[in-house]
Amino acid sequence: MTMNQNAAPTLRVSNLRVTYYTDAGRVTAVNEVSFALAPGERLGLVGESGCGKSTLALALMRMIKPPGRIESGSAIVRTDKGEVDLFALDEEDMRRARLSVISYIPQGAMNALNPVLRVGQQMIDALQAHVPEMSYQAMRERAEQALESVELKRSVFNLYPHELSGGMKQRVCIAIGILLSPRVIIADEPTSALDVVVQRQVMETICKVQAQIGASLILIGHDMGLMAQVMHRVAVMYAGRLVEVSPVRALFTRPLHPYTQALIQSLPRLDNRGVFRGLPGLAPSLLRLPSGCAFHPRCAQAMAVCAQVVPKPITTADGRFVACHLHDSVDSDLTPAPVLQEQSHANAPAA
Amino acid sequence: MQLRYLLQRLAFMVFVIWSAITLLFFLPRLSPINPVRERFAELQRSTGWAPRDMERLVKVYEVKFGLNKPLLEQYADYMASVLRGDLGFSIMRYPRTVSELIAQALPWTIGLLLVTTLLTFAIGTAIGALAAWPRSPQWVKGMVTPLVVLAAVPPYLLGLLLIYFVAFRAKLLPLGGAYTLGRFTGPELSLPFILDVARHAVLPALSLILASVGFWALGMRGMGVTVQGEDYVLFAEHKGLKLGRIFYAYYVRNAILPQVTALALALGSIVSAGILVEYLYGFPGLGSLLNSAILANDFFVIYGIGLITIVAVAVSMTLVDLLYPLLDPRIRYGTR
Amino acid sequence: MNLTLPQPASLPTQPSQTVLVLRYLRRNPSLAVGLVLLAFLVGFGVIGSLVIDVDTRAYPLAAPPVQPPSPEYPLGTDRDGRDLLAVMARGVLLTGAVGLIAGTVGIIVGVVVGFLAGYFGGAVDSVLRWLTEVLITIPPLVLQVLIASTIVDKNKVTVLTMAGVASVLSWMGTARMVRAQVLSLRERAFVNMAKLSGMSDLEIIFKELMPNMLPYLAASFVGAVMGAIGASFGLEALGLGPVREPTIGMTIRWAVYHSAIFNQWWWWVLWPVLALILIFASLALINRGLDELANPRVRRSE
Ligand SMILES: Nc1ncnc2c1ncn2[C@@H]1O[C@H](COP(=O)(O)OP(=O)(O)O)[C@@H](O)[C@H]1O
Ligand code: SF4
Ligand SMILES: [Mg+2]
């Protein structure tokens, strides 16, 4: 199943705001974030370390712990049984929603498996928590199938985590993540601890199983090259806000936001592939954000208004999202953009 | 590979026990005090009876206890008899042997201390686990500090307070002893006797429990804080597991590993852990025996008690090392 | 939305050292309460010893025997005619002295041995590990009883002897802690930097490693003091203490020996027990406070 941009979205996040109340002061790590995911869509999420990517992911899982707090927003998931707002569920319903509606593949897979339980037991635990009526045999069969679908042997079921390599552990986490065919999968830098060859294989596995079960995927990552090859759209985050969300081809060929432009330019040329290494200038401390557009001290195209007014996000006619004063007068500037044609990366070409 | 490790570990245990016993042997012999002469001096002080030919008597007894031989020969004899399980005669209760006296006292000590140690471990570990668990109520988290302060106080002092307030003033429980002397002529296997012993054991047990719950709570809380931030506990929550399952199988099960090592050590030292409290309550275990041996300068009994405490600790430490891989699959034999 | 410009960091007047310390103590209540308790105990001992003629009144035949607390003898007297107020004042200091001496010996020996073992490894390390392993199998009280009952003449025990016996084990905890710390500090870059810049081993130890370990050493010292007081109390309770000195432990020993509880001489038991509990509680609180100072991580869970 591939993404279907025209169908009703699987996930709609609106005005999400998450704050950490630290000793040093309040940090709004996710600020007025809104976006939607089409069924089967793969969205990459990039941004400098500390800009709020993991916080966004954890908020969608309702796993923000003190001193953090979800201040406002909604996250509506479309399931077979209708729409649910994750933030409106009570504790017990949210517990049930985890893994069965929205699942999370952790950043530190090296350490994400309980060292004293066999892999199989950890998968059975997950099934038992959601479908207690299932027989042990059936659960075991489901778990072993999941292991097979991430290219592991069925016998991994009987192994302890310390008997697995890093790549295998990450695959086990993926297998757990798809056990209950969730609608949305969030993977937070799932490959950052692995070596390059394994990274690519694991990424392919994630995309394969995601397509198999028809889930939407949010993949947080650093590697713009990998993103370019497998994602449908890429969201760029800066200092807690989404500054641009664009189809992947368009983002690389015609980035709209100056921060995205800087990101693309900082990549190695020729093969457009490489790891994002940051920009000149310091990433802002979320504790003391610059006024107006938080990017203005580092922006080559900053204008007077940029230090005063936070840019309003706009959606272009071709469905791109950007928040920058350069695009305030969007109509004259961008439509009809040639970029539009290039969107046809993964789905049927636009009419 | 495993057999080799087993043998190595056992050899090391024997080596440690041997070192400790050797230390025990030479320690008193470095001393200028002659135990036999001390014993007569003590008798003289307490009864006024002075043997006329003291020096000769001392000699006779020295021969009897083998104290007149050259040091190395004594050492060889000592080692040989220790290997045979023969700990010699008691000076204070001659002609009873040290082994007899210890065998008589040991069941009391083990009974009291085994129960209190296991209870304390369970209570303390549970409090510690809850104290580090973020969802616990505040009052549970606040319990650890008072318990740790309590743990710094020797059980003997708590025992004194309990005797005064609970037994003497409120007359709720017996003041001491192991059973009511008028009712029973000696230990017997009957329900009334067992209940009577239990009643007598409450205060000594309580002193010991109060004085060490904090130790277990603190240890478990320390590990708990570490483990509850581990990725596998967080991932378990992401998986939507029920809290009870996360608490037990993902959190406690991992955090408890060092506690188990400590428990084995504590079980090994049950022989000595209650010495002062037993003595305070006149509980007829090793503590009371040690106290009378000290009073009577009965060195052989003192060594005997030292010896079996050493063996108990060394054996239980070895057992932990050998059994630990069953608890923690990451640890294989010989990697620890 | 935030429209204000970032404000330039203002330069507040630097608060004085005392204010900073007090401010820290408010965040570390264990340390604060422990220090207050300790100050109270020391103050009681010192002032009491100055005001009262402890040299006579804390010893037998200074007062009528077994008097309950009264205006003349606020804490009562014991069976041998010691004034318990004087006994408490002197006893707190004597017991403190045992702990202090043994703790000091322990910390010095422990630091030296631990540094040698951690920094140079090899034979020193092996011997230390062997010794620890052997000594850990002998329960401390049993070992100390053996030493005290066989090497020392029971009737000539002094406060110094007590401290000596308590010192036998008081270095081990420190040595192990220092060894572990040195091993981990050694791995860090600054020691290699120091080596490259041609500092000698001794210089590295004292200029680079020591300052990093001070909070640990402080906690370790308090631990050793506590251990020594506990050990000497155990020996005293068993009758191996300094028979002529009114330490707190000996006072309890005599009270128990003469069945003070059954004779209803409650004051003879209560004051020394409370004093010892206060001593242990203050040290335990300080120790925990120092632990938090050394590893602020522990604090966050509370
Ligand atoms: N547990 C926490 N306590 C306080 N602040 C936090 C916590 N977690 C994250 N933050 C703050 O939120 C910001 C975003 O963190 P994070 O979401 O982890 O960023 P990213 O995943 O993009 O690297 C960080 O800059 C940090 O200041
Ligand atoms: S709003 Fe202004 S400062 Fe911010 S990115 Fe656009 S141009 Fe640069
Ligand atoms: Mg992150």
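**View 1. Polar contacts between chain A and ligand 1.** In this predicted model, a polar side-chain atom of Thr55(A) lies 2.5 Å from an oxygen atom of ligand 1, and a polar side-chain atom of Ser54(A) lies 2.7 Å from an oxygen atom of ligand 1; a polar contact is a pair of N or O atoms within 3.5 Å. Taken alone, ligand 1 exposes 560 Å², of which the protein buries 66%, the areas coming from the Shrake-Rupley method with a 1.4 Å probe.

**View 2. The shell around ligand 1.** Ligand 1 is surrounded by 13 residues, each with a heavy atom within 4 Å of it, and the largest share of them, 3 residues, comes from α1(A).

**View 3. A salt bridge between two strands of chain A.** Arg17(A) and Glu32(A) form a salt bridge whose closest N and O atoms are 3.6 Å apart; the term requires a side-chain nitrogen of Lys or Arg within 4 Å of a carboxyl oxygen of Asp or Glu. Arg17(A) belongs to strand β1 and Glu32(A) to strand β2, 15 residues apart.

**View 4. A salt bridge between chains.** Glu237(B) and Lys65(A) meet in a salt bridge at 2.8 Å, N to O. Glu237(B) lies in helix α10 of chain B and Lys65(A) in a loop of chain A, so the pair joins two chains. Glu237(B) is buried at 10% relative accessibility, whereas Lys65(A) is partly exposed at 34% (buried means under 20%, exposed over 50%, partly exposed in between, with a 1.4 Å probe and protein chains only).

Local features need pLDDT of at least 70, and side-chain atom pairs count only at pLDDT 80 or more. Side-chain values use heavy atoms, without hydrogens and water.

Definitions and conventions. Residues are numbered from 1 along each chain as its sequence is written. Chains are lettered from A and ligands numbered from 1 in the order in which they are written. A polar contact is a pair of N or O atoms within 3.5 Å; within protein, one must be able to donate a hydrogen and the other to accept it, and residues adjacent in sequence count only if both atoms are side-chain atoms. Helices (H or I, at least four residues) and strands (E, at least two) are DSSP runs, numbered from the N terminus.
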